[in-house]
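Dear colleague,

I am passing the structure below on to you, and my notes on what was found in it follow directly after.

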Amino acid sequence: MEQRKHWWNGKWGRLARRDVFLRVDADRWHVEQRAGGAEGVSQFYEHASVEEAEETVRALLDGPGSWRELSPRPPVDPPRV
């Protein structure tokens, strides 16, 4: 499974932090909504198309708060000689 995007509500702490992840696995798109950081509780949504998954993401990010998109780290290439 490949993570494509990650959003964070900008708040620290187990009670306040929220994350939304967009992932793809073959031809299936997955959205995860997590409350409470790494050890928090997640809800999962599965979609057949990126458009459906992005619609779910938009709905989850709608409302109060200042969501920030966190970029995934690019792969590290070995130095060229």
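Tryptophan 12 is exposed, its relative accessible area being 68%, where exposed means over 50%, buried under 20% and partly exposed in between, with a 1.4 Å probe and protein chains only. Please keep in mind that this is a predicted model, in which local features need pLDDT of at least 70 and side-chain atom pairs count only at pLDDT 80 or more, while totals for chains, interfaces and linings use all residues. Residues are numbered from 1 along each chain as its sequence is written, and side-chain values use heavy atoms, with hydrogens and water left out.

The structure holds one aromatic pair. Tryptophan 8 and tryptophan 12 form this pair, which is edge-to-face, with 5.0 Å from centre to centre and 70° between the planes; rings of Phe, Tyr and Trp (its six-membered ring) pair if their centres lie within 6.5 Å, and planes under 30 degrees apart count as stacked, over 60 as edge-to-face and the rest as tilted. Tryptophan 8, at 8% relative accessibility, counts as buried.

Phenylalanine 21 has its place in strand β2 (residues 18–25), strands being DSSP runs of E with at least two residues and helices runs of H or I with at least four, numbered from the N terminus.

Finally, glutamate 51 belongs to helix α1 (residues 50–61) and is exposed, with a relative accessible area of 52%.
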